[in-house]
Amino acid sequence: MWISKTIALGLFLATTPLASCNAAANATTKPLFPAILIFGDSTVDTGNNNYPLKTIFRATHFPYGIDLPNKTANGRFSNGKLVSDILATKFNIKPFVPPFLQPNLSDQDIVTGVCFASAGAGYDDRTSLSTQAIPVLQQPRMFKSYIARLKRVVGDKKAMEIINNALVVVSAGTNDFILNYYDIPLRRLEYPHISDYQDFVIQRFERFVRKLYRLGCRKIVIGSLPPIGCLPIQMTAKFRNIFRFCLDQENKESVLYNQKLQKLLPKIEASLTGSKIFYADIYDPMLEMTQNPSQYGFKETKRGCCGTGFLEASFMCNAFSPTCQNRSEFVFFDSIHPSEATYNYIGNGLEPQIRQWIKA
């Protein structure tokens with residue numbers, strides 16, 4: 001009897017560390033969110049623009065995707081992963097988030113989440129007139145179709161449980177200011193003061209968030225504007241900027257918009273029972289990378305990796321454009337969009353913040 005107890009105790013002691021290790025492994029590999037749902041523009045579009053026929057902004061050609069595992073351009077406006085893919089990986093949801101318009105989506109793709117973003121989109125519907133993108137406020141139409149399919153796959157109750165607990169990522173606004181105010185100043189006639197146009201865009205944004213809430217979204221991450229004046233294309237647009245300095249005025253206006261957005265989010269959250277809304281600061285890390293590039297391993301901040309890096313983006317960044325070999329040393333891949341290295345730094349910064357936020 002004593003021997004059997006000794007053996008049993010020995011087996012218990014031998015297996016307990018293994019069980020503890022397994023429990024720890026499960027804790028680290030278990031997804032923090034059941035799914036990820038993405039809305040916005042080209043900073044998070046994983047390929048929806050591959051499918052609308054009229055859109056002019058596509059990333060289905062080389063050198064886009066050059067650093068993806070299969071080195072194939074699949075609609076992401078960068079050399080590799082976008083920040084949404086990086087967050088999905090870090091939270092153990094999946095390594096890549098597929099676009100909703102992809103025709104061969106599996107049931108598993110649907111259950112763990114998809115992307116509804118469209119390159120060239122903005123909160124202002126007029127932004128999409130020139131780009132033929134899917135406006136941000138129309139992206140919930142796709143989301144409704146997604147919900148219907150999700151319900152067919154897992155049932156009504158489980159579907160709403162997934163949506164209620166999904167990580168919802170929204171990244172948009174930059175196109176509104178570049179395409180409607182700075183470079184193509186159509187909205188200036190209606191809003192002579194940029195502060196008034198900012199208020200209009202933020203009103204549109206609030207309408208959008210409330211739409212998402214009505215459809216079941218509760219955990220929502222909102223990306224700020226980047227330092228727009230540091231985008232290579234904006235430096236180029238400013239004539240006589242031969243030294244390619246960041247445009248201080250556009251950066252100041254980005255800060256003002258972000259301050260308004262940050263002030264509004266707690267009010268929206270308080271008015272939507274059960275919601276949690278997180279302000280994701282993109283501006284400060286992007287500015288830090290452009291001002292102190294060597295600390296992050298970057299050498300080039302004033303132009304993109306593709307072509308001259310001054311103007312090339314979308315169809316202008318193509319197989320005939322000379323592409324830099326040291327892509328990880330460039331903050332930008334083309335004249336508008338960050339490189340995968342930049343997205344990695346942003347994702348690394350956001351991950352612990354989102355983990356802390358979701359626990360609070």
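This tour of a predicted model visits the nonpolar cores and then the cysteines.

**Stop 1: the largest core**

Select Tyr 123, Phe 143, Tyr 146 and Ile 354. They belong to the largest nonpolar core, which has 91 residues, and they touch the most other members. Now color helix α8, residues 194-214. This helix gives the core its largest share, ten residues. In soluble globular proteins, nonpolar side chains tend to be buried together.

Zoom in on Tyr 146. Which residues does Tyr 146 touch, leaving out those up to four places away in sequence? Show Leu 37, Phe 100, Ile 110, Val 111, Gly 113, Val 114 and Phe 116 to see them.

Next, select Ala 119, Cys 306, Ala 313 and Cys 324. These are among the twelve residues of a second, separate core.

**Stop 2**

A disulfide is a covalent bond between the sulfur atoms of two cysteines. How many disulfides does the count come to? Three.

Select Cys 230 and Cys 246. Their sulfur atoms are joined at 2.1 Å. The torsion about the S-S bond is about 120°, so this disulfide is right-handed. Cys 230 sits in the loop between β3 (219-223) and α9 (232-237), and Cys 246 in the loop between α9 and α10 (248-271), so the bond ties together parts 16 residues apart in sequence. Is Cys 230 buried or exposed? Cys 230 has 1% relative accessibility, so it counts as buried. Cys 246, at 28%, counts as partly exposed.

**Stop 3: two links in one loop**

Move to the loop between α11 (283-291) and α12 (340-359), and select Cys 305 and Cys 324 there. They form a disulfide with sulfur atoms 2.0 Å apart. The torsion is -110°, and the link is left-handed. Both Cys 305 and Cys 324 are buried.

Then select Cys 306 and Cys 317. Their S to S distance is 2.2 Å. This link is right-handed, with 115° about the S-S bond. Cys 306 and Cys 317 also lie in the loop between α11 and α12, eleven residues apart. Both are buried.

Number the bonded cysteines in sequence order, and the pairing reads 1-2, 3-6, 4-5.

**Stop 4: cysteines without a partner**

Finish with Cys 115 and Cys 217. Cys 217 is in no disulfide. Cys 115 is buried, with a relative accessible area of 0%. Cys 217 also counts as buried, at 0%.

Conventions. Residues numbered from 1 in each chain as written. Predicted model: local features only at pLDDT ≥ 70, side-chain atom pairs only at ≥ 80, totals over all residues. Heavy atoms only, no water. Core = buried A, V, L, I, M, F, W, Y, C linked by side-chain atoms within 4.5 Å. Buried < 20%, exposed > 50% of the residue type's maximum accessible area, 1.4 Å probe, protein only. Helix = DSSP H or I, 4+ residues; strand = E, 2+ residues; numbered from the N terminus. Contact = heavy atoms within 4.5 Å. Disulfide = S-S within 2.5 Å.
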